[in-house]
Amino acid sequence: MSEAESSWARAATCLRMLLFAPDYLAGAVIRMRAAPDRDAITDALHPLAARKLHTTISDEQLFGGIDLSATLGANQLIEKKGIFLARCTALLSMAERCGPELAAKLAHQLDGDRGHCLIALDEGADPEEAAPPALSDRLPFHIAPDGRRPVDWRVVPAGTHARHPQDVTVAPDDAMALAVLATTFGIDSLRAPLLALRVARTLAAIDDREAVSQTDLETAAGLVYPHRATRVPEEADSPEQSTPPDSSSHDDMSEGSQTKDIPHGDMLVDAVRALLPDDVLARLVPAGTTRALGGKGAGQKRKGNRRGRPLPSRPGRLDGRNRIDLVATLRAAAPWQPIRRRVQPKASGLLIRPSDIRVKRYEDRSDRVLIFAVDASGSAAVARLNEAKGAVELLLAQAYAARDHVALISFRGIGAELLLPPTRSLVQTKRRLANLPGGGGTPLAMGLQEASVLALQSRSKGLTPTIVALTDGRANIALDGSANRAQATDDAERMAQLLRLQGFQALLIDTGARPQAALSDLSRHAGAQYLALPRANAHALTGAVSAALEV
Amino acid sequence: MTQPFPFSAIVGQADMKQAMILTAVDPGIGGVLVFGDRGTGKSTAVRALAALLPPIRMVESCPVNAPKTADCPDWAELGSKKIVTRPTPVIDLPLGATEDRVVGALDIERALTRGEKAFEPGLLARANRGYLYIDEVNLLEDHIVDLLLDVAQSGENVVEREGLSIRHPARFVLVGSGNPEEGELRPQLLDRFGLSVDVRSPNDVAERVEVIKRRDAFESDHTAFMSHYTAEDAKVRDAILKARKRLAKIATPDAILEDCATLCIALGSDGLRGELTLLRGARALAAYHGKRKVHRDHLRAVAPSALSHRLRRDPLDEAGSTTRVVRVVEEVLG
């Protein structure tokens with residue numbers, strides 16, 4: 001079976017289980033772009049009769065409230081039923097746009113004992129764009145099949161002889177194997193092994209077996225763990241082999257030290273490892289995990305009355321700057337009509353008092369994000385990397401006070417890497433920064449390219465990006481990865497011009513021992529400010545940056 | 001699963017459990033904030049807390065759970081005035097809650113159908129004499145937070161709007177939980193929580209396995225599991241009740257008071273709330289352990305949770321504030 005076919009087969013297994021026990025398994029994340037293939041999957045889930053949610057859904061729709069028009073008409077209280085009032089299956093479309101507030105509310109519903117099921121349709125394009133981790137952590141499956149759907153693909157419904165998953169017995173060893181396996185793959189959340197156990201039970205239940213078998217455990221681990229894995233377990237016997245995901249290498253004689261105490265551990269590890277996403281080694285934090293890079297940080301929001309995503313309206317006064325929410329105002333006034341009418345029997349029309357006025361509010365994100373592109377090449381590493389780190393830390397302290405976001409890109413060797421997407425989380429930033437490695441060539445062009453991509457992304461999210469590049473300026477790796485100094489300098493210049501064309505505010509800090517004419521040229525190309533800081537310490541650097549940014 | 005996961009069945013997380021027990025012994029400590037990664041059992045522990053709390057005596061129909069008829073607010077239209085025993089209220093404040101639902105508002109049903117002006121009490125009224133639990137507290141809307149701060153401080157909820165003028169007691173213990181990666185909490189709100197604990201996923205494999213086993217037993221073998229741990233929970237509850245009785249008699253040597261002050265000065269914690277909470281926490285711990293007076297060990301055990309969230313935030317400190325507290329405690333107390 002080809003890889004695409006087997007991934008579709010896994011998707012079918014997931015769907016089959018979901019159809020069989022939606023309340024027990026709680027749902028899945030389906031990460032696909034809207035396409036006929038995804039429609040095939042949602043069609044397969046049709047028997048669940050899912051209610052559709054969107055990311056701007058109001059609390060009233062979710063949890064119910066007073067149906068004002070019906071109440072007024074009937075002259076007695078009539079409540080609107082919320083989606084989550086009874087057990088239901090919800091389909092959240094555009095889950096990658098779902099904010100932490102809605103995610104928290106949905107997660108709360110999933111945690112309850114009502115047996116709700118949530119299918120999150122994640123259309124994220126970039127790894128950073130993903131369904132909120134609060135949800136993906138609670139949902140066992142991550143369905144993201146590769147390639148086109150096989151022609152004969154379909155979901156076989158479970159037979160009628162199935163039993164309830166909770167009636168399946170699990171040996172204590174099985175639970176242990178799953179728990180140990182989760183730690184082997186660096187999965188911190190304890191929900192993962194619990195969900196895997198549920199999946200294993202469901203597998204056995206569908207086949208009407210009394211106990212969970214080894215195959216069930218393997219399948220369950222293979223479905224629940226791969227997208228959550230944050231590291232690949234080392235193989236004790238082949239240290240030189242750097243890419244372990246190879247299902248065909250069955251090494252019977254040896255086991256990693258961590259896997260020794262797992263019953264059938266090696267087989268389980270293999271089962272999961274074979275399914276690890278390809279980029280787990282490259283990025284070490286794959287999409288959709290609980291520790292995804294995609295953390296939006298706290299996402300500083302600003303509530304305004306002009307633009308952005310609408311928020312529930314609030315009581316307020318019309319001061320000429322805000323806008324009235326007419327419907328909400330009428331709703332607020334409606335209950336009072338009988339009482340007010342009694343006081344003013346002669347007045348005509350609706351009786352509206354200033355206290356009824358509701359004002360519109362919008363949520364707006366337009367914060368600054370500081371994108372640090374740090375040169376971690378061999379030439380810079382020795383002398384200045386620690387200073388650069390120190391400077392970023394100090395700036396982070398200021399950014400924290402100013403509620404700015406910070407992103408971190410490092411470039412060295414033959415590539416640039418996004419170490420930290422825009423975030424305000426101090427915890428994450430400190431972790432990433434401490435682990436910043438150094439050495440290799442200076443792919444300045446790649447660093448600038450990565451920074452401009454990130455800046456574009458941030459701008460599309462409504463942030464105002466500012467690029468701060470710290471380098472010693474000896475670009476020697478071209479965009480195509482070749483070690484060609486002339487080409488590298490040209491590429492760096494082109495990227496710098498691109499930055500200027502896109503109109504990003506930028507700042508170039510020369511950390512070389514002597515100021516470089518080439519770098520000051522480069523900053524002109526980028527329309528950036530240039531700061532030469534021979535022998536700067538972290539504090540001097542911070543002072544310079546703050547001064548430059550305050551213009 | 002109508003019953004929550006039992007408190008005594010929670011594996012590990014000693015800090016979190018200790019903090020919860022301490023506020024149950026002395027509600028005056030002022031609540032707990034639990035911050036930690038996903039899937040560490042934060043909300044499980046808070047929901048389990050309800051089973052540990054001793055029941056309260058209250059007027060049956062009173063909307064604010066008053067102990068005597070005389071204490072019931074005058075706007076309440078009382079039905080039965082019988083004094084009944086009820087479990088301590090643990091009220092969930094959902095994230096999407098509107099101002100109306102939190103503080104109470106006009107009773108729309110009566111206004112619409114009978115044209116009467118009546119007050120419908122909100123969550124704050126129901127939480128009086130009990131606990132108010134906010135999951136994902138760092139995502140709460142600012143205006144609700146402001147409201148809560150005000151009420152938590154004054155112990156009274158004042159509603160002056162929509163032609164209503166109502167006040168009622170709202171003394172409750174705030175319990176919050178959240179994930180620091182999703183946003184920070186304002187220092188003013190942080191300070192309102194007496195104790196704060198950081199929880200992490202256990203690193204010990206045996207501990208993790210035990211968590212999985214118990215959770216699985218809870219789901220699949222519910223009755224047997226519950227009957228075992230309900231008895232365990234009852235033991236903890238008895239210990240809490242005994243500690244409450246003993247609490248008033250706990251002696252606090254002057255040396256301990258000095259230690260408290262020295263600790264807080266060394267840490268540079270804002271305000272005096274740190275000292276007070278530290279002392280109350282240590283007394284509650286001494287009472288829970290059946291001691292007659294507060295000992296330095298009690299201070300040592302309580303200090304991280306009582307002080308770590310009151311320090312000025314230092315973004316450059318790699319280790320985090322808990323480690324800082326532990327370090328200073330070692331320096332000061334030896």
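## A tour of chains A and B

Begin by selecting D37(A) and R149(A), whose side chains meet in a salt bridge at 3.2 Å, N to O, the term standing for a side-chain nitrogen of Lys or Arg within 4 Å of a carboxyl oxygen of Asp or Glu. The pair joins distant parts of the chain, 112 residues apart, with D37(A) in helix α3 (residues 36-44) of chain A and R149(A) in the loop between β7 (141-143) and α8 (172-184) of chain A. Helices here are DSSP runs of H or I with at least four residues, strands are runs of E with at least two, and both are numbered from the N terminus. Side chains of opposite charge can pair when their charged atoms come close. By this rule the count over all chains comes to 26 salt bridges.

Before moving on, note that this is a predicted model, in which local features need pLDDT of at least 70 and side-chain atom pairs count only at pLDDT 80 or more, while totals for chains, interfaces and linings use all residues. Residues are numbered from 1 along each chain as its sequence is written, chains are lettered from A and ligands numbered from 1 in the order in which they are written, and side-chain values use heavy atoms, leaving out hydrogens and water.

**The interface**

Next, show both chains together: their contact (heavy atoms within 4.5 Å) takes 60 residues from chain A and 45 residues from chain B. Between them the two chains bury about 5,100 Å², of which 59% lies on carbon and sulfur atoms; buried area is the accessible area, with a 1.4 Å probe, that two parts lose on being put together, summed over both. Select L190(A), W336(A) and K430(A), which supply 13% of the area that chain A buries against chain B, more than any other three residues. Two salt bridges are found across this interface. Then select R201(A) and D216(B), whose side chains meet in a salt bridge at 2.6 Å, N to O.

**Around helix α11 of chain B**

Now turn to α11(B), residues 273-288, and helix α10(B), residues 254-267, whose axes come within 9 Å and cross at roughly 140°. Axes are lines fitted to C-alpha atoms, for helices over the stretch in contact, and angles run from 0 to 180 degrees between N-to-C directions. The two helices are therefore oblique to each other, since angles under 35 degrees count as roughly parallel, over 145 as roughly antiparallel, 65 to 115 as roughly perpendicular and the rest as oblique. To see their contact, select I256(B), L257(B), C260(B), A261(B), L263(B) and C264(B) of α10(B) with G274(B), E275(B), L278(B) and L279(B) of α11(B).
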